Amino acid sequence: MKSKGVLKIENVIRMSDGSFISLEEATRVIPDTLFEDTENKCEPLGIYKLIVNGNVFMDESFFDSIIDMWGYFINAVEDFLNGDPAEIGFFDQPITLKMIPDRNQSVKLVLDPCVEPVRAVLVSRDSFLKEFVRAGYEFFRIWVDYDKARSEESVSSYFERIKKIESVANKELRI
């Protein structure tokens with residue numbers, strides 16, 4: 001494993017035709033083209049694409065319910081901030097994403113897709129946390145506006161997740 005990398009997170013949404021578009025583009029398209037009927041409820045599928053030093057670490061092939069994925073990511077980062085290794089398992093994908101505290105203010109990200117070789121990368125802890133807060137906050141702020149008309153209950157849960165992200169930011173990053 002090489003020296004610490006800089007993390008970038010891109011939120012991408014899966015269209016009903018199987019293609020992927022950015023979160024911003026998704027807010028400008030017809031809702032019926034975004035959602036797939038999953039167990040009698042419509043939910044957006046997508047991924048928070050992880051890119052380290054310009055190289056894709058976790059790509060669109062790991063898509064799942066992006067709202068649930070962000071919820072798991074938030075909870076895992078809270079565990080990580082307590083000094084514990086944290087991991088996220090995905091409902092529809094046979095993968096695990098682990099976050100392991102490392103010396104020298106680093107985070108070791110380990111992606112175990114079960115069918116491919118395990119991937120691991122070391123990223124700056126500061127870069128990881130700032131990008132997590134930025135991308136998570138961006139996702140839920142944009143999705144609140146997009147989903148307002150569909151479900152007041154969903155919007156309420158999005159605000160709860162925004163509060164948790166802000167709590168991470170205020171506690172750890174002082175931004």
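Rings of Phe, Tyr and Trp (for Trp, the six-membered ring) count as a pair if their centres lie within 6.5 Å, and planes under 30 degrees apart count as stacked. With that rule, a search of the whole structure turns up eleven aromatic pairs. For a stacked one, select Phe139 and Trp143: their ring centres are 5.8 Å apart and their planes sit at 5 degrees, so this pair is stacked. Both residues belong to helix α3 (residues 125-147), where four residues, about one turn of the helix, separate them. Phe139 and Trp143 are both buried.

Before going on, colour by confidence. This is a predicted model, and the chain averages a pLDDT of 82, with 82% of the residues scoring at least 70. Which elements have the lowest and the highest mean pLDDT? Strand β3 (residues 35-38) has the lowest, at 54, and strand β1 (residues 7-14) the highest, at 94.

**Stop one: the start of the chain**

Stay with β1 for a moment. Six of its eight residues are buried, so β1 is largely enclosed by the rest of the structure. To see the two strands face each other, pick Val12, which stands opposite Ser22 in β2. Five residues lie between the strands of this hairpin, and Gly18 there takes a positive phi near 95 degrees.

For another positive phi, jump to Asn53, a residue other than glycine with a value near 50 degrees. You'll find Asn53 in the loop between β4 (41-52) and β5 (55-58).

**Stop two: the core**

Next, show side chains for Tyr48, Met58, Trp70, Phe73, Met99 and Phe128. These have the most contacts inside the largest nonpolar core, which has 52 residues. Zoom in on Tyr48: leaving out residues up to four places away in sequence, Tyr48 touches Ile9, Glu10, Asn11, Met58, Ile66, Met69, Trp70, Phe73, Ile88 and Phe90. Tyr48 also belongs to a cluster linked by ring pairs, together with Trp70, Phe73, Phe80, Phe128 and Phe132.

Look at β7 beside strand β8 (residues 96-102): the two pair in the antiparallel sense over four bridges. Here Glu87 stands opposite Lys98 in β8.

**Last stop: a loop**

Finish at Cys114, in the loop between β9 and β10. Is Cys114 buried or exposed? Exposed means over 50% relative accessible area, and Cys114 has 54%, so Cys114 is exposed. Select Ile95 as well: Cys114 and Ile95 are 19 residues apart in sequence, and their C-alpha atoms are 6.1 Å apart in space.

Methods. Residues numbered from 1 in each chain as written. Predicted model: local features only at pLDDT ≥ 70, side-chain atom pairs only at ≥ 80, totals over all residues. Heavy atoms only, no water. pLDDT = per-residue confidence, 0-100. Core = buried A, V, L, I, M, F, W, Y, C linked by side-chain atoms within 4.5 Å. Buried < 20%, exposed > 50% of the residue type's maximum accessible area, 1.4 Å probe, protein only. Contact = heavy atoms within 4.5 Å. Pairing = 2+ DSSP bridges. Phe/Tyr/Trp six-rings, centres within 6.5 Å; stacked < 30°, edge-to-face > 60°.
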